[in-house]
Amino acid sequence: NYSFCEDNVIVFAEDGGQGASNPSVDGYDINETRAAYQRACDFVGARNLAYNLTSNVLEELGGSEKKRVKDHLYPNDFEWGQKGRICLKRPPERLVFEIFPDKAPLACENFVALVLGNKGVGDCGKKLHYKGCPFHRIIKDFVAQGGDFVMGNGTGGESVYNGKKFKDDKDGLKLKVDKRGILGMCNTGKNSNTSQFFIALANVNRLTGHHVVFGELVEGEEVLALMESCGTDAKDVEDGKPKYPVIIADCGLVEDASVTCRG
């Protein structure tokens with residue numbers, strides 16, 4: 001059983017699973033940008049003296065120095081230049097959702113458990129956790145779909161309810177998918193919810209009544225826009241495979257001491 005707060009907030013986060021208690025952490029890795037940024041930091045830390053940089057910390061370098069690193073020093077460094085691309089500015093990566101357990105208790109309980117990853121290993125042999133899970137389908141002006149931690153391509157999924165598909169929350173079906181940022185359950189028909197979910201990228205009210213709505217985005221529109229930019233056009237609705245990988249780096253709950261909880 002879960003005790004939900006009146007402001008029930010989920011954060012997709014990074015930093016070793018500390019997102020539940022650290023509101024400053026981030027959460028999505030788009031096109032391996034996190035690794036590219038870390039590579040730039042490591043390069044500056046290792047080669048600052050050799051190239052007479054003013055600091056061994058990337059963020060402390062001036063604009064002209066950063067440009068020099070990206071355009072000349074890194075690509076022409078025999079040892080480092082072949083390690084992969086670098087990114088000098090880490091993009092925003094955090095999405096925060098408010099969830100609605102009063103309207104969709106089954107969907108919310110399942111989602112929270114998969115966000116926390118505290119239910120062990122599922123029947124599929126994989127940990128019941130969204131960490132590391134890709135968004136396998138992103139269609140511009142439609143939806144971003146993820147949550148298949150089993151197969152990673154939309155053909156799998158498993159709930160925390162003994163791995164079984166669970167029923168639709170009736171009140172959740174009544175909530176409208178009428179704006180960007182709505183969080184809902186994916187399904188293959190009535191009462192077929194598992195772990196897959198979607199984030200609406202526009203008013204897609206035609207999904208109302210067919211999918212349980214259990215939350216909405218409250219922080220991270222700039223990240224959602226980045227995710228959408230990796231998606232396919234609406235004409236490719238049957239595929240929707242992102243042009244670049246979009247991964248949930250980690251996830252957790254936002255803790256707010258000012259929030260009053262109810263059982």
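1. F111, Y130, F135, F197 and F214 form one aromatic cluster. Rings of Phe, Tyr and Trp (its six-membered ring) are paired here if their centres lie within 6.5 Å, with planes under 30 degrees apart called stacked, over 60 edge-to-face and the rest tilted. This is a predicted model, in which local features need pLDDT of at least 70 and side-chain atom pairs count only at pLDDT 80 or more, while totals for chains, interfaces and linings use all residues. Residues are numbered from 1 along each chain as its sequence is written, and side-chain values use heavy atoms, with hydrogens and water left out.

2. Nine aromatic pairs are present in the structure. Helices (H or I, at least four residues) and strands (E, at least two) are DSSP runs, numbered from the N terminus. F111 and F197 are both buried, that is, under 20% relative accessible area, where exposed means over 50% and partly exposed in between (1.4 Å probe, protein chains only).

3. R94 is placed in the loop between α2 (63–73) and β3 (95–99). R94 counts as buried because its relative accessibility is 12%. The side chains of R94 and E219 are joined by a polar contact of 3.2 Å.

4. Zero disulfides (cysteine sulfur atoms paired within 2.5 Å) are found in a search of the whole structure. C108 counts as buried at 0% relative accessibility, and C230 is buried with a relative accessible area of 4%.

Methods:
A polar contact is a pair of N or O atoms within 3.5 Å; within protein, one must be able to donate a hydrogen and the other to accept it, and residues adjacent in sequence count only if both atoms are side-chain atoms.
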